[in-house]
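Subject: Structure handover

Hello,

Here is the structure I promised to pass on. Please open it first, then read my notes below.

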Amino acid sequence: MKEAVHKVTFLPSQETATAKGGELLLDLLRRESQPVNAICGGKGNCGKCKALVTEGNGAFPLTLTETRLLTREEIATGYRLSCQFKVMTDVRVKTEDLAMDSAVSKPPLPKALIREISPQVRLEEFSLSRPDIYDQTSDYSRLMSALVTERPRIDRLNLLRRLPHIIREIDYRGRAVMYGSEVIDILPFSNESNIFGVAIDIGTTTLAVYLADLKSGEIVAVRSAPNPQSAYGQDVISRIDYTIKRDKGIDELRTTVLTTLNKLIDDLCEERAVSKERIYDTSIVGNTTMIHILLGISPERISSSPFIPAFTGGKVFESRELDLEESIPNSKIYIMPGISAYVGSDITAGILSSGFVEDSGNVLLVDIGTNGEMALKRGDKIFACSTAAGPAFEGGNISQGTIARPGAVDHVWFNGEGIGFSTVNGSNASGICGSGLIDAIAVMIDAGILDESGRIKREYFELDGPAGRVRINKKDIREVQLAKAAIRAGVSVLMDRAGIETRDIDRILLAGAFGNYIDPENALRIGMLPKVPVERVSPVGNAAGLGAVLALLDSGIRERAENISNKIYYVELSGRKDFNEIFVDNLALREG
């Protein structure tokens, strides 16, 4: 019997695809790279993978999960959960567009904290003697002997193949593009010879790509986008689980992120009129799971005790090895070293770019996300750990939670008379992101609506204003408590390991996009951070991305990254018998 095949039309693009009869809509959306927010990984827990099925809805009845997670209004409108809905006939479907608009995708350009530009890639001029019957030296040897660099070489076969043609085309005079002692390209002498690099931060939630001029040291453009792997789960454990349970799971996850990275790089090149052939160096940072998936290395051993990654050290690859030759065909790719299975190269990069090491005091660096990664420095010792904060601050497991995108409530305040709020870009309220959640909890406490145990005096808290209406319910408050307790417990363990008290902390650095936008006073107010004077708390923006940029502009950063990552004392929280007790002690919404 012939298997049924149905036509699926995506709105508003009118793109079409085919689905086997009974195929889950979520699987189809993933396969066709359509936007979908499946925070729980398709387990039917979060209710975020909503899709508006405008035709063919009735061919598959509502499941109990859908009746529980969708509102009556949503059901009446035609919304379904893509992890529940099976395609049984031709359908037309519209999903939420997760792409950031231009204002959000172009955050302010950071200023690199670097005194001297000394990139791994540089240009070296050469002038060759012409061969004749009395000088039959090979083209390769002729070029190598003309270079000042000690023991130069060509490793790229495609360049060696083109060498005879190139040196004659440029009339024996040009510029060699050097990566250390390796010649990776040859340019005409008269050419402007601009050379560029790309820095990439692969976050669990967001991808950020920076384009840097390797001669001037200027960051000329930056783009970011939601990590498309969110369709497979918001946290790294969900994604690891997907790679284990699906035969080609790791290939699916890898392809989604590579497709987005190629698009972001292409957009940057088009925006700045930069030839992609002139991008010669790329540095990449991210948590250990994200890096493993990018490289096509199974992260399976990361998810279970004793939590062993395949590698943590720095690596250098060719763009073709990572399937990035489409956007950066001539680039080397440097992967910055990480620290452990759950403390990745993004923390190494943040340590290098934030002034963490140079500060003479006791410094705490906290990168608040789905995984709360943190490092604490006392003297010449650095301790690091990671705690499962969960996706609450990224919008996951929150009834109207969202990432920081247009329409997300990002700040809430109480002025003694009333409660106000703002949204990203001033758009109509469509949900609430992490910074808004922290503000809202602090405001509820100050207004006497919420006590420190997390008990609310009404069914829900409502933000109602000209921009729209957003509600925070009891479950949402509990999710915030769990997330903030995990972070604060991790900090407590590091402080204990370093042998210091709260009063000894001289500086707290909040890293990441989320850390850059939260109100430090409110983070202290709800007990997310140790109770230090607020002036000691400083946001440092995307320290991971800036660290990746520094690795492009200063080749010495790479050696420092190796040295620092090897010296950090990693603290495994699951090995602490008292961690659960510490965690419970920090559930209360109070300063301390």
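**Two loop residues to start with**

Gly 575 sits in the loop that runs between strand E27 (569-570) and helix H17 (579-585). A word of caution before going on: this is a predicted model.

Is Gly 575 buried or exposed? Its relative accessibility is 58%, so Gly 575 counts as exposed. How far is Gly 575 from Thr 16? Their C-alpha atoms are separated by 51 Å. Along the chain, the two residues are 559 residues apart.

Now take Ser 319. It lies in the loop between strand E15 (315-318) and strand E16 (332-335). Ser 319 has 2% relative accessibility, and the cut-off for buried is under 20%. Ser 319 therefore counts as buried. Which residues does Ser 319 contact, leaving aside neighbours within four places in sequence? They are Leu 324, Glu 325, Ile 328, Pro 329, Ser 331 and Ile 333.

**The chain as a whole**

The protein chain has 17 helices and 27 strands. It has 592 residues, and 56% of them count as buried. The C-alpha atoms fill a box of roughly 95 × 70 × 45 Å, taken along the principal axes.

The radius of gyration is 26 Å. A compact globule with 592 residues would have a value near 25 Å, so the two agree.

Look also at contacts between residues at least 6 apart in sequence. Of these, 67% join residues at least 24 apart.

Two packed helices are described by the angle between their axes and the distance between the axes.

Start with helix H5 (residues 139-146) and helix H6 (residues 157-169). They pack at an angle of about 70°, and their axes are 10 Å apart. Angles of 65 to 115 degrees count as roughly perpendicular, so H5 and H6 are roughly perpendicular to each other. H5 brings Asp 139, Tyr 140 and Leu 143 to the contact. H6 brings Leu 160, Leu 163, Pro 164, Ile 167 and Arg 168. By class, the contact of H5 with H6 has six nonpolar residues, two charged and no polar ones.

Next come helix H8 (residues 249-272) and helix H9 (residues 288-295). Their packing angle is about 90°, with the axes 8 Å apart. H8 is therefore roughly perpendicular to H9. Which residues meet here? From H8 they are Ile 250, Leu 253, Arg 254, Val 257, Leu 258 and Leu 261. From H9 they are Ile 293, Leu 294 and Leu 295. Eight residues of the contact of H8 with H9 are nonpolar, one is charged and none is polar.

Then there is helix H10 (residues 345-353) with helix H16 (residues 556-567). Their axes come within 10 Å and cross at roughly 115°. H10 and H16 are therefore roughly perpendicular to each other. Their crossing is right-handed. On the H10 side, the contact residues are Thr 348, Ile 351 and Leu 352. They meet Ile 557, Arg 560, Ala 561, Ile 564 and Ser 565 in H16. The contact of H10 with H16 divides into five nonpolar residues, two polar and one charged.

**Backbone points to look up**

Where are the cis peptide bonds that I noted? One joins Leu 11 and Pro 12, with omega about 5°. Pro 12 lies in the loop between strand E1 (5-11) and strand E2 (15-20). Another joins Ser 305 and Pro 306, with omega about 15°. Pro 306 is in the loop between H9 and E15.

Two residues are worth a look for phi. Tyr 172 is not a glycine, yet its phi is positive, at about 65°. Tyr 172 belongs to the loop between H6 and strand E9 (173-179). With a relative accessible area of 9%, Tyr 172 is buried.

Asp 323 is a residue other than glycine too, and its phi is a positive value near 60°. Asp 323 is in the loop between E15 and E16, and Ser 319 is in the loop between those strands as well. Is Asp 323 buried, exposed or partly exposed? At 38% relative accessibility, Asp 323 counts as partly exposed.

Best wishes

How values were computed
Residues are numbered from 1 along each chain as its sequence is written. This is a predicted model: local features need pLDDT of at least 70, side-chain atom pairs count only at pLDDT 80 or more; totals for chains, interfaces and linings use all residues. Side-chain values use heavy atoms; hydrogens and water are left out. Axes are lines fitted to C-alpha atoms, for helices over the stretch in contact, and angles run from 0 to 180 degrees between N-to-C directions. Helices (H or I, at least four residues) and strands (E, at least two) are DSSP runs, numbered from the N terminus. Angles under 35 degrees count as roughly parallel, over 145 as roughly antiparallel, 65 to 115 as roughly perpendicular and the rest as oblique. A crossing is left-handed if the near helix is turned anticlockwise from the far one by less than a right angle, and right-handed if clockwise. Contact means heavy atoms within 4.5 Å. Ala, Val, Leu, Ile, Met, Phe, Trp, Tyr, Cys and Pro count as nonpolar, Asp, Glu, Lys and Arg as charged, and the others, Gly among them, as polar. The radius of gyration is taken over C-alpha atoms; the globule rule is 2.2 Å times the number of residues to the power 0.38. Buried means under 20% relative accessible area, exposed over 50%, partly exposed in between (1.4 Å probe, protein chains only).
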